[in-house]
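Please keep the sequence and the model side by side while reading. The paragraphs below are meant to be followed with the structure in view.

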Amino acid sequence: MFAFLAQCGIFFGELHAQSVEVLVLGTAQDAGHPQAGCEKSCCSETIRHPERQHWVSSIAFSDGEQFYIIDATPNFTSQLAMAKEHFQGQNLGGIFITHAHIGHYTGLMYLGREAMASLDVPVYVMPRMKKFLERNGPWDQLIRIHNIKLMELTDGQTVHLNDIAVTPMRVPHRDEYSETVGFRISGPTSSLLFIPDIDKWERWNRPIAEMVLSVDHILLDATFFSASEIPGRNMAEIPHPFVTETIDVLSSLPDEEKKKVHFIHLNHTNPLLRTDSDATNTVNEAGMQIARRGMTLPL
């Protein structure tokens, strides 16, 4: 697996973990980059250059004994291998799911009999997400034959995993099939908030500036950089906060607080995917950061 990825120009850097930390496994929107059906330069060039491809947004964290993955993406096979290598032989302790959109749960299929044929892997889900998996195939089969074991979460109620505490937090989003959550992860020395999908900040009952102040690291929805990114689409149907809006909302924070912000969940059209873009320079000049695969953050 890793020999092949190296031949494709995909490198993970120094794959050495501290006892507890967060590892970024992917940074793209649900459909990845390149995206199926896209014939624009943002994807056509990437197809010819695999080293420029981006896996779907996901993170992993270790409690010092096992590692856990947040969101089972279409890139689950590679991301699982990456996490196992990084966390030096630790086993998968479970998967946390944010919601029922394609980039966040469909990787569960790789736990089934056609692939891993796993045994009772804990999958932590909110109540509507639990019902969705129980009542729809092929996910219900994973439950029936004990490939996965659903662990029901409650909004605001913390799950303790050795030295790590994980707390789901409801966020507003397009909840056709399930509720949507972000996750606060607290370790011995640091805390992190992961919100890959959310609607406009004003729709949330928690001011995002206050949330930045409440943690040591924060990974925020950056699906679109600005309103002009996908002409012809009704943006009211996909009301993610634009990166430009997030920068404006957080502009009054001290520089040390802005440095906590890492943008993640980038659409294939998002110029932040390119390290040399004007948009990337805008984020850097604002004192904020862009999450990249292989990045680690201490807990």
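This is a predicted model: local features need pLDDT of at least 70, side-chain atom pairs count only at pLDDT 80 or more; totals for chains, interfaces and linings use all residues.

Residues are numbered from 1 along each chain as its sequence is written, and side-chain values use heavy atoms, with hydrogens and water left out.

Helices (H or I, at least four residues) and strands (E, at least two) are DSSP runs, numbered from the N terminus, and two strands pair if DSSP finds at least two bridges between them. An open sheet is built from seven strands, in the order β7-β8-β9-β10-β11-β12-β13 and with mixed pairing. Its edges are formed by β7 (159-161) and β13 (289-290), each of which pairs on one side only. Within this sheet, strand β11 (residues 217-221) and strand β12 (residues 261-264) run parallel and are joined by four bridges; Leu220 has Phe263 in β12 as its bridge partner.

The loop between β12 and α10 (278-285) holds Asn270. With a relative accessible area of 2%, Asn270 is buried, where buried means under 20% relative accessible area, exposed over 50% and partly exposed in between (1.4 Å probe, protein chains only). Contact means heavy atoms within 4.5 Å, and, leaving aside neighbours within four places in sequence, Asn270 is in contact with Ala222, Thr223, Phe224, Phe225 and Glu229.

Leaving aside neighbours within four places in sequence, the contacts of Val125 are Ile97, Lys130, Leu133, Leu150, Met151, Glu152 and Leu153. One of these, Leu133, is also among the buried residues of helix α5 (residues 127-135), which are Met129, Phe132 and Leu133. These residues cover an arc of only 95° around the axis, and therefore lie on the same side of α5; the arc is that of the directions from the helix axis to the C-beta atoms. The buried residues of α5 pack against α4 (102-105), β5, α6 (139-144) and β6 (148-152).

Helix α3 (residues 76-86) is mostly covered, with eight of its 11 residues buried: Phe76, Ser78, Gln79, Leu80, Ala81, Met82, Ala83 and His86. Just after α3, Gln88 adopts a positive phi of about 50°.

Turning to the aromatic rings, those of Phe, Tyr and Trp (its six-membered ring) pair if their centres lie within 6.5 Å, and planes under 30 degrees apart count as stacked, over 60 as edge-to-face and the rest as tilted. A search of the whole structure gives nine aromatic pairs. In one of them, the ring centres of Phe96 and Phe183 are 5.4 Å apart and the planes stand at 75°, so the pair is edge-to-face. Because Phe96 lies in strand β4 (residues 91-96) and Phe183 in strand β9 (residues 181-186), the pair ties together parts that are 87 residues apart in sequence.

The charged end of Lys200 sits over the ring of Phe242, 3.6 Å from its centre, and Arg293 lies over the face of Trp55, at 4.0 Å from the ring centre.

Key
A charge sits over a ring if NZ of Lys or CZ of Arg is within 6 Å of the ring centre and within 35 degrees of the ring normal.
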